[in-house]
Amino acid sequence: MSVSMSIAGLLARALLLNRDLAPGEPLAETVIRPLAALPEAAAEPEPHITENGSPSDRLWELAKDATRLRAQPGATEGLIEATAALQHLACLFAEDADALAARIAELADIQADLETRIDGALDGPYLVTNATKITNWLGEPIQTFPQMALCRCGHSATKPLCDGSHARHGFSSAKDPDRVPDRQDTHEGVQVTVLDNRGICAHSGLCTDRLSTVFRQGEEPFVAPSGGRSDEIIRAVRACPSGALHYAIDGLKGPDPVREPTIEVSKDGPYRITGGIPLDGDGSREHYSLCRCGHSRNKPFCSGMHYYVGFVDPPLSDEPTLFEWAGGLPALTRMTHIFYDKYVPQDDLLAPLFARMSPDHPERVAAWLAETFGGPKLYTEQYGGYDHMVAEHAGKSLTEQWRARWAQLIGRAADDAGLPTDPEFRAAFAGYIEWGSRIAVENSQPGATPPPHMPVPQWWWVCGARPGSRISALSPTADQTQIRLPAPDEPVRFTDHIKPLFREMDRKSMSFAFDLWSHSDVTEHADAILDRLREGKMPCDGAWPAEHIDLFARWIAEGTPS
């Protein structure tokens, strides 16, 4: 082994590179700290290193050398953590998408003999080796690297990737001695037996929300296995992301689903692992949930503490797509599976129509809806886009009866799947279901000639009715924001006096036309706004006090200063 390939050599090169790469010491926390903490770094004599080439080229060579060392048997957690950071940083310096793909492929080849696995570092991140599919909570892919370090302390500024915050915050990976015991309880029912381990429950609520007659929040025993149909219970058990629930029939434990190895970064919650990725060398679990907030009482597994510590991800944009509002691909896939697994087989009209559908048909429909509702182009990339969808319906001579029943039952499946029930979303959802299903009937008729090579349609909110654009009759009355009125001789300013008059809900309700928090927009429409204020037509939940209207009029008279 060359000097530069030793732990001490990697550390010396990282120290030089940290000085030359960019301001801010980008390698200090994620590369230098874990390497410097290794016993080998102190035991080996400090090497004399001379580096040539640009900082970006040196970073790439350092990442490859660290990966070669990491790929050897017995690699330590500190080396793996540093390698993950170096791979990420080196790939950030790739010139374009092709160069990025080439770098990832080269690194993957170096560590190709390592198994896909997740290891929880002591008081550190999750070290993820050779995982190729990581998604966010919407089902959108997150860029993966052959070696990754995922944040588990909850403080990283580069979530889901680790930025070394665990060391600064004194994160501990130890279990709480007062945690719920790791014990499997058996609840026998007439048709199915439910096996429940409260010790690894992540409290996602998927079972209690969708089958409350069986999974009874706040009651003992928690499970009443005769409170629902066996197919409903099995579906709820399979949807459990933590692995706390299993089922058995006639004494035989039900099989786990067969899924692609995937890590999902759930919204405001844990990492949800599916597909049997081994954890700390244990490959017995098909699915489990790993703590991401840093406060679980049963680390590394999630215990639901993220609810209590207020762990949240960045909110949706001010104007979320239908895809985002629905819950992304996981929610749409859940809905289509319920539709084709539950409603279609028991319906005399639809069952014969779908008797020979492909096993992945629910995933195909979910991908189509995801793309239509503003999500990633999954259907176009994986299944062939609009032309393929048209070909699927060509010559089937679909009837209005079939269409109407399909539209009716997909709405029920949306309810069962927990899709949003607010009027704004359901108006847009129902609008597309009606429009799309009628287009499908039209395209399926003999002699139909649909226009070729059309893009997948894009559906949006109906008539500007977005979430938050109106005040719900069931919402508690909000207190009037305290407005600071200027003194008689004080100039009226938009930022200080006018903008605070408009609440966030007022802004959302008018966002289809202009922005009430924008000085230029309000200036342009000032006279029309003043007319509506004086008529009591704005805002929609009640007229402004006279003194606020007078203030707005005074601002106009003074020339609408910013």
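**Reading the terms in this model**

Tutor: Ser 397 lies in the loop between helix H15 (385-393) and H16; helices (H or I, at least four residues) and strands (E, at least two) are DSSP runs, numbered from the N terminus. This is a predicted model, in which local features need pLDDT of at least 70, side-chain atom pairs count only at pLDDT 80 or more, and totals for chains, interfaces and linings use all residues. Residues are numbered from 1 along each chain as its sequence is written, and side-chain values use heavy atoms, with hydrogens and water left out.

Student: Why is Ser 397 called partly exposed?

Tutor: Its relative accessible area is 30%. Buried means under 20%, exposed over 50%, and partly exposed in between (1.4 Å probe, protein chains only), so Ser 397 counts as partly exposed. Ser 397 also has a positive phi of about 50° although it is not a glycine.

Student: What makes Asp 250 exposed?

Tutor: Asp 250 has a relative accessible area of 76%, so it counts as exposed. Asp 250 is in the loop between strand S8 (245-249) and strand S9 (252-253), and its phi is positive, about 55°, although Asp 250 is not a glycine.

Student: How do you know whether Asn 18 is buried or exposed?

Tutor: The relative accessibility of Asn 18 is 8%, so Asn 18 counts as buried. Asn 18 is in helix H1. Leaving aside neighbours within four places in sequence, Asn 18 is in contact (heavy atoms within 4.5 Å) with Glu 25, Pro 26, Leu 27, Ala 28 and Ile 32.

Student: Why is H1 called roughly antiparallel to H4?

Tutor: The axes of H1 (residues 7-21) and H4 (residues 55-70) come within 10 Å and cross at roughly 155°. Axes are lines fitted to C-alpha atoms, for helices over the stretch in contact, and angles run from 0 to 180 degrees between N-to-C directions. Angles under 35 degrees count as roughly parallel, over 145 as roughly antiparallel, 65 to 115 as roughly perpendicular and the rest as oblique, so H1 is roughly antiparallel to H4.

Student: Which residues make up the largest nonpolar core?

Tutor: That core has 69 residues, and those with the most contacts inside it are Ile 118, Phe 215, Ile 263, Tyr 271 and Leu 290. Such a core is a set of buried Ala, Val, Leu, Ile, Met, Phe, Trp, Tyr and Cys residues joined through side-chain atoms within 4.5 Å. Helix H5 (residues 77-92) gives the most to this core, with 7 residues. A second, separate core of 43 residues includes Leu 138, Leu 332, Tyr 343 and Val 456.
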